[in-house]
Every structure is written in C-alpha cells, then in structure tokens.
Amino acid sequence: MTKRIFRSILLVASTVLLLSLVAVMGVIYNHFSEVQRERLVAEANLAVQGVELSGEAYLKGLLTDEFRLTWIAEDGSVLFDTQVTAEEMDNHVNREEIYEAFRTGTGESSRYSDTLMEKTLYYAKRLSDGTVLRISSGLASVFQLLFRLLAPIITVFLLAVLFSAVLAGRMAKRIVNPLSRLNLDKPLENEAYEELSPLLGKVNKQHKQIAEQMILLRQKADEFEQIVASINEGIVLLDEQGVVISMNPAAKRLFGVSVKCTGADFFTVERRPEMCRAIEQAINGRKSDFRMQKGGKEYQFDVSPITSDGKMLGIVIYAFDITEHVLAEKSRQEFTANVSHELKTPLQSIMGSAELMENGLVKDEDMPRFLDNIRREAGRLVTLINDIIHLSELDGNVEAVKEPVDLGEVVKEVFEILKPVAEQKNVTLSYAGESVELSGIRRYLYEIIYNLCDNAIRYNKEGGSVEVLTGQKEDGIILKVTDTGIGIPEEHQARVFERFYRVDKSHSKETGGTGLGLSIVKHAVRHQGGQIKLSSVPGEGTTVTVLFYPA
C-alpha cells in the first residue's frame, strides 16, 4: 500500500510540475512577444524620425542585423531595404501591415516561416510625405525557446522530481503508519483518520457477528464430537485428498490408533487393498461398501463421498461391527441344516419301514418290531419338534409371568418322569440340599432341571448315579447336577451348549437325544437372569452348576 501511495503522489507531483512548466513557458513566450513588439514599435518611431530628417542617407548609415527596415513608396514599390536591394523586391502594396499603414497611419502583422521555424513581427508607419517605413524582427517560436531553455528545464525538472520523491515517500509513510497501527481486534478504540470511522464501525459489527457465529460453531462442533464419541460404530472423516480430519474413539480402537492422527494420510492408518480401492472410488464420486475382518471381528465398511453443489468436499468412512449378525446368520444356516438332517433321519426310517410293510415284505412275526421302530422314530420326531418349539419361544424373548417356584418340588417332579429311564440304565437318582423358593418362570425352570438330568442319565455309565443339589448362597440360589458318566473332553466343553452339537455323534443314536437339550438349558437360564458353569473330567463325570440371582 505504501508503494501505491508513493507512486500516486509522485505521479501527481510530476504531472503538476510538467503542466506548470508548460504554463510558465506559455506565459514567458507571451511576455517575450509583447516586449519584442513594444521594442519594435519604439525602434520604428526612432527610424521614422531619422528618415524624416535625413532620408535614405539615414537608412544607409544604420549598421544592425537585429532589425530590417524597408521604405515603401505610395504605389507599393520598395524605395530602400537594409538587407536586399530595392530592385529585387516585389510590390508591397498588398501586404497587410503596409495596407493598414496607408489607410490608418500604422499597421502591424506577424507571419510564421515553416522553413526557418521562426515567427516574424512587422510594424509599419506612414511618413509625412505619404511613404511608409516598415520595421521587422524575427521572434523565436515556442519550440526554439524551449530548445534554448532545455538544459535548465531538465535540471529543474529532475531536481523537482527528486524532491517530490522524497516528500512522497515521507507522506506515504505518514499516511500508512496510522493504518499499520490499527488494532482491528478492538476497532472502536483506534484514534485514526475520521474517514475510517464508518469502516471501523462495520469491522466492529462484523467482529461481533463472527464471535457469535464462532460460539455457535463451537457448540455445534462440541455437540457433534460428543454424539460421534458416544457412537459405538467407527466414523472417520477425510478431506478430498484422503487426509484425516476427524476420527471418533470407536474408529481409533478399531484401527489401533493411540496417537492423534488428524492431518495424516489415512493410508498410513489402514493400507489394506479393499480400503484403498474404496477410498479411490469415493474420491471419484462413487459410494462403496465391503466387509473386512479386524481384531477377530467382522466389520461392515461404508465409504461415501461428501459433495455440495457437485463439488467434492471429503469422504466419510462408517464402520460397524456385524460379528453377531454374521454369527447369527451362520448359526441360523447351521441350525436349518441340522434340523433338516435330524428330521430327515427318523422320517426316512419311518418311510422305509412303512414301505416294506405296504409291499408285504415284512413277515408277520417281524411286524411288531417294525411297528415299534415306527413308534420310536415318531417319538423322536415329536421330541425334536417340541425342543425346536421351546428354543423358538426362548429365542423370541417371549415375556412370561414369573411366580414363586419351589426348586425342590420341581426336582422331585422331574425325578418321577425320568425314573423309568434311569431304572432302565440302572442309574441312581438322588436329591440333596434344602428346598428353596425362586421367583421365576416354572416352565423354564422345569426345562432346565429336566434337560440337565436327562443328559446326566443318557450319558451315564451302567450302575452310575445322578445327584441334584439345591441351596441358598450369599449371591443367589444354586442348582447343581452331578453325574458319574462318561465326561466331556476339555476341547468340547465350550461348545456343548450349541444347538445340535454332540461330542460323539456315533453315540447320539444310541442315547436318543436331539442335541438341543443343553441349548435349551442355556437359553432358559439366560431368561431367568442366571449363569451356568460346566466342569467335567473324561471317564469320571460331569457337574453343571446354575446360579440364579435374586430379582
């Protein structure tokens, strides 16, 4: 700004100086011309007096080259000229100054010579004898005058420009310094030019507006940060170049970022090809999604471009955990496959026996055996379907009314039902502990005790035992079922509560189980708000402990 003011002041000063020189030259030239004319008239009067007294002798006696005298007769012929012989000169009767002198007594004119680049002044006066005496003198033109004065003019001009430059520099600094010292943070406290008061008032008003907008923006940013921070899903914001703008805590945990990565290229955080391709597509304006495993979990990633008015502003990466969904889908598929298999086996057996009987291929003495097989397989189907229905009810989170239930009575009821099965395998059933009352869903508690005891009998040894213990503990009510059966290897213990999971599939047909009993137990315990624990030693037996917490 200082340079612009300096150049402006210097340009104005130079222009004014140049115009002043032109005006001065005009004034000088006019003054010089007037002085020359007055001198010419004075010289003419002197010459007239000399000619009146001495005639041609006076003119011949003049020794001057500054003035030219010409004596003209009444008919316009030249009688004498101080520079050219009279015979060589034309008639002057029609010359403007001669004509005017004959008519009025005096006449004057000026003529410019392009060849000599000089202006000539003429003054004529009529003598007493009727002749006219004319005097003339050359007058330098403006250009000649300027050329003669060129050296002093240039000197004066350069000195004036130099002085103007010094003054312009000082003036520019004096003008700019108050502007440089302006405190724009507090515009109204400045003591600057009065002309700036409206501008400073507007700046102060804008400061207030900006401050209000900044406060609102911070509030919105804080709200956004708090909302994003509380979201369990990972959210990453990138600019149009793929540089990290923001990353919420869930995303930092997901990508294993412990330090602040704002301003870093996202490829330094995650370099997998799937992510790189998705970000490149987003930069090109295309949305994409993909699945990827990280930290033993399955995640769904949505990568979308952020645009406004057709302009690319950035990229948002949204990551959410779909591990449970994937496991549930996998479990559903496995459950469907297992149910199909479990239903198909007894149905094929029933259909095979019925087809042999229908075609008369079964002897009369074998008929009871085939009918018994059909009855047993049909019973397996009914049991399997009932278990599936129970599991569906438990999966559906069906709310049931809770009531006071005496666990001891439920255990005795289960023993009565399973007593024939236990006697058939020569397994002893025993109940120990105190009778405790629990607020719960009786049907679910029955399913828990029945399935635990049924499993303990089915997978027991000949002559083994099953003991059920109930009692009150400090943290809740305990139910413990202990058997002396075949036990469960350690590598299978974590999976025995899965649907249709069997430790020994070859032994499952012999036991007649559906593979859903322990799964029903797990879901029923969950509905009761309890915990289940299994401990087993192969060849020695298994103990299942259920702890019910008070409501």
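Mentor: Two strands are taken as paired if DSSP finds at least two bridges between them. The model discussed here is a predicted one.

Trainee: In β10, which residue is the bridge partner of Ile235?

Mentor: Strand β6 covers residues 234-239, and strand β10 covers residues 311-321. The two strands run antiparallel and are joined by six bridges. Within β10, the bridge partner of Ile235 is Tyr318.

Trainee: Which residue in β7 is the bridge partner of Leu237?

Mentor: Strand β7 (residues 244-247) runs antiparallel to β6, with three bridges between them. The two strands form a hairpin with four residues between them, and Gly242 in the turn has a positive phi of about 85°. In β7, the partner of Leu237 is Ser246.

Trainee: Is strand β6 largely enclosed or exposed, and why?

Mentor: In a regular strand, side chains alternate between the two faces of the sheet. On one side of β6, Gly234, Val236 and Leu238 are buried, and on the other, Ile235, Leu237 and Asp239 are buried as well. Because six of the six residues of β6 are buried, the rest of the structure leaves this strand largely enclosed.

Trainee: Which strands are at the edges of the open sheet?

Mentor: The sheet has five strands in the order β7-β6-β10-β9-β8, with antiparallel pairing. An edge strand here pairs on one side only, and this applies to β7 and β8.

Trainee: By what angle are neighbouring strands of this sheet turned against each other on average?

Mentor: The sheet in question is the open one, ordered β7-β6-β10-β9-β8. With direction ignored, its neighbouring strands are turned against each other, on average, by 20°.

Trainee: Which residue in β9 is the bridge partner of Lys294?

Mentor: Strands β8 and β9 (residues 297-308) pair in the antiparallel sense over seven bridges. In β9, the partner of Lys294 is Lys297.

Trainee: Is the aromatic pair of Phe255 and Phe266 stacked or edge-to-face?

Mentor: There are six aromatic pairs by the ring-centre rule. For Phe255 and Phe266, the centres lie 5.4 Å apart and the planes make an angle of 85°. Planes over 60 degrees apart meet the edge-to-face cut-off, and this pair is edge-to-face.

Trainee: How many residues apart in sequence are the parts that this pair ties together?

Mentor: Both Phe255 and Phe266 are buried. Phe255 lies in helix α7 (residues 249-255), whereas Phe266 lies in the loop between α7 and α8 (273-283), so the pair ties together parts whose separation in sequence is eleven residues.

Trainee: At what angle are the planes of Tyr299 and Phe301?

Mentor: Tyr299 and Phe301 are both buried. They belong to a cluster in which ring pairs link Phe255, Phe266, Phe290, Tyr299 and Phe301. The Tyr299 and Phe301 rings form a tilted pair, because their centres are 6.4 Å apart and their planes are at 45°.

Trainee: How many disulfides does a search of the whole structure find?

Mentor: Cys276 counts as buried at 18% relative accessibility, and Cys453 counts as buried at 0%. A disulfide requires a pair of cysteine sulfur atoms within 2.5 Å. Across the whole structure, the number of disulfides found is zero.

Trainee: Which element gives the largest share of the largest nonpolar core?

Mentor: This core has 36 residues, and those with the most contacts inside it are Ile448, Ile449, Leu452 and Phe548. Elements that give two or more residues include α11 (407-424), α12 (442-458) and β17 (541-548). The largest share, eight residues, comes from α12.

Note on methods: Residues are numbered from 1 along each chain as its sequence is written. This is a predicted model: local features need pLDDT of at least 70, side-chain atom pairs count only at pLDDT 80 or more; totals for chains, interfaces and linings use all residues. Side-chain values use heavy atoms; hydrogens and water are left out. Buried means under 20% relative accessible area, exposed over 50%, partly exposed in between (1.4 Å probe, protein chains only). Rings of Phe, Tyr and Trp (its six-membered ring) pair if their centres lie within 6.5 Å; planes under 30 degrees apart count as stacked, over 60 as edge-to-face and the rest as tilted. Axes are lines fitted to C-alpha atoms, for helices over the stretch in contact, and angles run from 0 to 180 degrees between N-to-C directions. A nonpolar core is a set of buried Ala, Val, Leu, Ile, Met, Phe, Trp, Tyr and Cys residues joined through side-chain atoms within 4.5 Å.
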